[in-house]
Amino acid sequence: MNNNAVVLLASRMMLAAVFVVFGIRKAMAVAGTTKYFATLGLPMPDVMVWLVILIEIGGGLLLILGWQTRLVAWILAAFVVCATFAAHRFWEFDGAQYVPQLTSFMKNLAIVGGLLMVAACGPGRLSVDKR
């Protein structure tokens, strides 16, 4: 078996873990997440929370499986960019919140970079797309 196929699978799984874990956490705390979304000024936070849960869990699982991988990677990348500019506006903070918000912003940029690599390179042989 090609080592690149294993590396691509592992990469997809690591990226997907972020989405699946945080999607499940949001699903377990819908009321709190809805309230948080409202404080961010998101439209229809009670609907938005379910859309975000669907994108995170569904997109994460599809990324692991490697089904429609390039499209899913593009969708997740766009989602992360939107989420980053909605929730991690480090330039609006000072004091104790500046560094955590900057850190989250930069981590999200790295996640977008990983997703763009998946979109560009594809899922590899160990995927539904390649079966």
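Read along the sequence, the chain follows the pattern α-α-α-α-α, and its secondary structure accordingly comes to 5 helices and 0 strands. The model described here is a predicted one. Along its principal axes, the C-alpha trace of the chain spans about 50 × 30 × 20 Å. The chain has 131 residues, of which 37% count as buried. Among the contacts between residues at least 6 apart in sequence, 68% join residues at least 24 apart.

Two packed helices are described by the angle between their axes and the distance between the axes. For α1 and helix α2, the latter formed by residues 30-39, the angle is about 100 degrees and the axes are 5 Å apart. Because angles from 65 to 115 degrees count as roughly perpendicular, α1 and α2 are roughly perpendicular to each other. The contact between these two helices brings K26, A27 and M28 of α1 together with V30, T33 and F37 of α2. By class, this contact of α1 with α2 has 4 nonpolar, 1 polar and 1 charged residues.

Helix α1 also packs against α3, here at an angle of about 155 degrees and with the two axes 8 Å apart. Since an angle over 145 degrees counts as roughly antiparallel, α1 and α3 are roughly antiparallel to each other. The crossing in which α1 passes α3 is left-handed. On the side of α1, the contact is made by L9, R12, M13, L15, A16, F19, V20, F22, G23, I24, K26 and A27, and on the side of α3 by V52, I53, E56, I57, G60, L61, L63, I64 and L65. The residues of this contact of α1 with α3 fall into 16 nonpolar, 2 polar and 3 charged. Among the residues of α1 in this contact are K26 and A27, both of which also take part in the contact of α1 with α2. F22, another residue of α1 that takes part in the contact with α3, is partly exposed, with a relative accessible area of 42%. The C-alpha atom of F22 is separated by 22 Å from that of A119, a residue 97 positions away along the chain.

A further helix pair is formed by α4 (residues 69-87) and α5 (residues 98-121), whose axes come within 8 Å and cross at roughly 165 degrees. That angle makes α4 roughly antiparallel to α5, and the crossing of the two helices is left-handed. The contact is made by T69, R70, A73, W74, L76, A77, V80, V81, T84, F85 and A87 of α4, together with Q101, F105, N108, I111, V112, L115, L116, V118, A119, A120 and C121 of α5. The residues of the contact of α4 with α5 divide into 17 nonpolar, 4 polar and 1 charged.

Helix α5 itself has 24 residues and reaches 35 Å from its first C-alpha to its last, a span close to the 34 Å expected at 1.5 Å a residue. Its buried residues are Q101, F105, N108, I111, V112, G114, L115, V118 and A119. Just after α5, G122 takes a positive phi of about 85 degrees.

H88 is found in the loop between α4 and α5. With a relative accessible area of 18%, H88 is buried, given that the cut-off for this class lies at under 20%. When its neighbours within four places in sequence are left aside, H88 is in contact with A83, Q101, S104, F105 and N108. Of these partners, Q101, F105 and N108 are among the buried residues of α5, and these three residues also belong to the contact of α5 with α4.

The other residue, S127, is placed in the segment after α5, and at 4% relative accessibility it counts as buried. Leaving aside its neighbours within four places in sequence, S127 is in contact with R12, L65 and G66. Of these partners, R12 of α1 and L65 of α3 also take part in the contact between α1 and α3.

Notes:
Residues are numbered from 1 along each chain as its sequence is written. This is a predicted model: local features need pLDDT of at least 70, side-chain atom pairs count only at pLDDT 80 or more; totals for chains, interfaces and linings use all residues. Side-chain values use heavy atoms; hydrogens and water are left out. Axes are lines fitted to C-alpha atoms, for helices over the stretch in contact, and angles run from 0 to 180 degrees between N-to-C directions. Helices (H or I, at least four residues) and strands (E, at least two) are DSSP runs, numbered from the N terminus. Angles under 35 degrees count as roughly parallel, over 145 as roughly antiparallel, 65 to 115 as roughly perpendicular and the rest as oblique. A crossing is left-handed if the near helix is turned anticlockwise from the far one by less than a right angle, and right-handed if clockwise. Contact means heavy atoms within 4.5 Å. Ala, Val, Leu, Ile, Met, Phe, Trp, Tyr, Cys and Pro count as nonpolar, Asp, Glu, Lys and Arg as charged, and the others, Gly among them, as polar. Buried means under 20% relative accessible area, exposed over 50%, partly exposed in between (1.4 Å probe, protein chains only). The expected span of a helix is 1.5 Å times one less than its number of residues.
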